[in-house]
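Hi,

Here is the structure I promised to pass on.

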Amino acid sequence: MAESTTPTIAVVGHGMVGQRFLEALAEQGVTERARVVVLCEEPRAAYDRVQLTSYFSGRTPDELSLTDPEFIREHGIELYLDDPAETVDRAARTVTSRSGRTIVYDTLVLATGSYPFVPPVPGKDAEGCFVYRTIEDLLAIEEYAKTARTGVVVGGGLLGLEAAGALKGLGLATHIVEFAPRLMPVQVDDGGGAALLRTIENMGLTVHTGAGAQEVTTADGAPHGAVTGMKLSTGAELTADLVVFSAGVRPRDQLARDTGLEVGERGGIVVDEQCRTSDPAVFAIGECALAADGRVYGLVAPGYEMAQTAAAAVAAVIGLPGEREAKPFTGADTSTKLKLLGVDVASFGDAHGAAEGCLDVVYSDSRSGVYKKLVVAQDGTLLGGILVGDAESYGMLRPLTGSVPPVSPEQLVLPTGAGAPVALGPSALPDDAVICSCHNVTKGEICACSSLPEVKKCTKAGTGCGSCVKVIGQLLPKTGDKGLCGCFPYTRSELYEIVRTLRLGSYAELLDSHGREEARGGEGCEICKPAVGSILASLGGGYILDGEQAALQDTNDHFLANMQRNGSYSIVPRIPGGEITPDKLIVIGEVARDFGLYTKITGGQRIDMFGARVDQLPAIWARLVDAGFESGHAYGKALRTVKSCVGQTWCRYGVQDSVRMAIELELRYRGLRAPHKLKSAVSGCARECAEAQSKDFGVIATASGWNLYVGGNGGATPRHADLLAKDLSDAELVRLIDRFLMFYIRTADRLERTSVWLERLEGGLDHLRDVVVHDSLGLCDELEALMAKHVADYRDEWAETLNDPDRLRRFVSFVNAPDAPDPSVRFVPERDQIKPDLQILTLEGVSSR
């Protein structure tokens, strides 16, 4: 035993499970009674390895950190980074680190995790070969990729697909090599693997299943030369500059082996239900441990459970039973929900149907890449399932495992509208249903809390992988908090006023000053970032892709064009009022011909050109801008078009010049960013050929002037516009539209069309008329001034991009090969034009085994 009267707990390893163990010790009060020393192999403290790939989408290593320095200081934990344990003397109860530091322990906890398995193929140590496990691995891959064009990932499991996504994001043409006959063989079955394969191949990645790596080839044949390719067991040979091995992991148990602890035949430190090893003074938790049920768990949730169990056992050793005694660890739920390359994949329970006599209920829609399978017992008990492409129901289905659902299995997999009007939600779950598998938190524990921050603080639910947050939100009581999202306690309209009044110029400034306390200093979410980006743009925030603004934009805004299903883009130049000269028509024809684009006349009286690669966009814009065109903002939440009939000039029924008015309105409101897209039209008479009453704001000519209609839309739920004012002069019409649009932008919710906004507006049309016609709130001067500023500040985004070399650098298919086209963007001929080269997909429907 250690000579000190204060017991010493030595922890070897500081990953996610190691950090959770320290937190559990603190919760049990152990850190107040014992010295805790941690030896960490990596040069940085514990970080979120589950979210590792998010580094390539902008998250920094600091943002991935799970370790609060204040927590370490407050609990007196001695944390030594970049100093792994090298030897353990169990007789003397000492552990010695690489630096020579020797720690005398009373209790030793091994949380050494796992190491990547690299197949023993010739050339595996060549220059350009990497594993995908740590932040340092990612930094090395990122640097090497700068001189590479093609990459190969060995392994088609979870980490393999994440690695492939990272290489593709770095601009490399990417191959995935998987020895099993399908991708993610552990999580999904053949049907799910086929759906996943189709979706991933449509993203431009090349997949080789049923193939193993035979040899990594190098330039000079030397074992450590630079990678040039890979030979596969199928006989195929791939050209490659970079190879990532991600073929699974193995328990890191060498330290235990060296000190004589019992290990499993296939690896893993043998532990009992309290996570004790064959030496009662030594515990093992996480991926290095072989649990009492004979399994090594490679997921973080079981590791967290083991950490809790071990912490309770350690507390008992030093005489602290603790307030939260953990249950013995006898096994864990291996259910998981993932997003891989943007594709939802989930599996839970007996996903592969191993139970005797079980039945499958399957829904497969190959067109949309959706596959759902539920495994049920003869008596209807839900045993497990697989979800690919649409895992929305995972949070509800997984807790139902082991029970008979209140509706038939067919209703649980069929999409709403296909005979399955299921309204089954989290409220139907029993109180003992586990909602957060990362921290083993039940519905009952969540319902005992009153807010999401309280849930996170008291139970830690929602702080792991995050897949349970939506279900948690549905279980919590409605408190009247109408905040935009979990980052802000304010509505969109309140945020608009804050930004406008305080003249804030960035999202980070707004989040840090007015975000919820737990969100400050963070990176925000997919709800508030584009909403705030729109607010900043509508208030004259400048070029939308400058600085921080670029990270706030939706997908299409990033490239000022509409992304299509095969990764190409469409270009829609502005054609105000649908009026166009023959010379401009010729330019559009020449551009479409020279770049091989598909052309279509839209319902908004414009010409859409489809099929451009991202690297072609600036060259196309240059031709169009030189001919007098500008962006039609078809990609933005902004004014799209002002449609018109030919009006009084040509039509014998026309009573006003509708074309002139449509052009004036479109040029005035072009580029105006709003909570949702805006459409308009001007009809030259009551015959309404321009369909003005189905638009967000529509104008119909009268013998005395113009009638203004607002709040209309087409789409899935059409709404006829309401008459706001009639017989207006040109100046009166423009003034009222200015006021209407700015009042809408100022007060609407995120992604709320004018039609929905108007119906939600307290007092409805009458209140709107009082505000914008009669100035009941005294806002009209301010609304008109905001619109005047927009008109004065307008700049065409295409031209702004073309005039700045730095801005042009983003428009490449591959950042490290800017002249190389994206080989995944392919087309086939149809009706003398082109269409995307996509596999013909069919609806396979519902089947049962």
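Predicted model: local features only at pLDDT ≥ 70, side-chain atom pairs only at ≥ 80, totals over all residues.

What is the volume of the second largest cavity? About 50 Å³. Residues are numbered from 1 along each chain as its sequence is written, and side-chain values use heavy atoms, with hydrogens and water left out.

Cavities and pocket

The search of the whole structure turned up 2 cavities of 30 Å³ or more. On a 1 Å grid over the protein atoms alone, a cavity is a set of points where a 1.4 Å probe fits but cannot get out, and a pocket is an open set with protein on both sides within 12 Å along at least five of seven lines; lining residues have an atom within 4 Å of a point. Grid points are joined across faces, edges and corners, and a volume is the space filled by probe spheres set on the points.

The second largest cavity is lined by Pro 116, Tyr 132, Arg 133, Leu 159, Phe 245, Ser 246, Gly 248 and Val 249. By class that makes 5 nonpolar, 2 polar and 1 charged residues (Ala, Val, Leu, Ile, Met, Phe, Trp, Tyr, Cys and Pro count as nonpolar, Asp, Glu, Lys and Arg as charged, and the others, Gly among them, as polar).

The second largest pocket holds about 890 Å³ of space. It has 34 lining residues, and Glu 305, Lys 327, His 439, Asn 440 and Val 441 are the closest to its centre. Helix H8 (300–317) is among the elements that give two or more residues to this lining, and H8 gives the most, with 6 residues. Helices (H or I, at least four residues) and strands (E, at least two) are DSSP runs, numbered from the N terminus. The lining of this pocket divides into 12 nonpolar, 12 polar and 10 charged residues.

Cores

The largest nonpolar core has 60 residues, and Phe 488, Leu 708 and Leu 768 have the most contacts inside it. Helix H22 (residues 730–747) gives the most to this core, with 10 residues. A nonpolar core here is a set of buried Ala, Val, Leu, Ile, Met, Phe, Trp, Tyr and Cys residues joined through side-chain atoms within 4.5 Å; buried means under 20% relative accessible area, exposed over 50%, partly exposed in between (1.4 Å probe, protein chains only).

Aromatic pairs

There are 13 aromatic pairs in the whole structure. Rings of Phe, Tyr and Trp (its six-membered ring) pair if their centres lie within 6.5 Å; planes under 30 degrees apart count as stacked, over 60 as edge-to-face and the rest as tilted. Trp 621 and Phe 811 are edge-to-face, because their ring centres are 5.2 Å apart and their planes at 80°. Trp 621 sits in helix H20 (residues 617–626) and Phe 811 in the loop between helix H27 (805–808) and strand E37 (827–830), so this pair ties together parts that are 190 residues apart in sequence.

Backbone

Met 184 has a positive phi, near 45°, and is not a glycine. His 633 is another non-glycine with a positive phi, of about 55°. With a relative accessible area of 0%, Met 184 is buried; His 633 is buried too, at 1%.

Cheers
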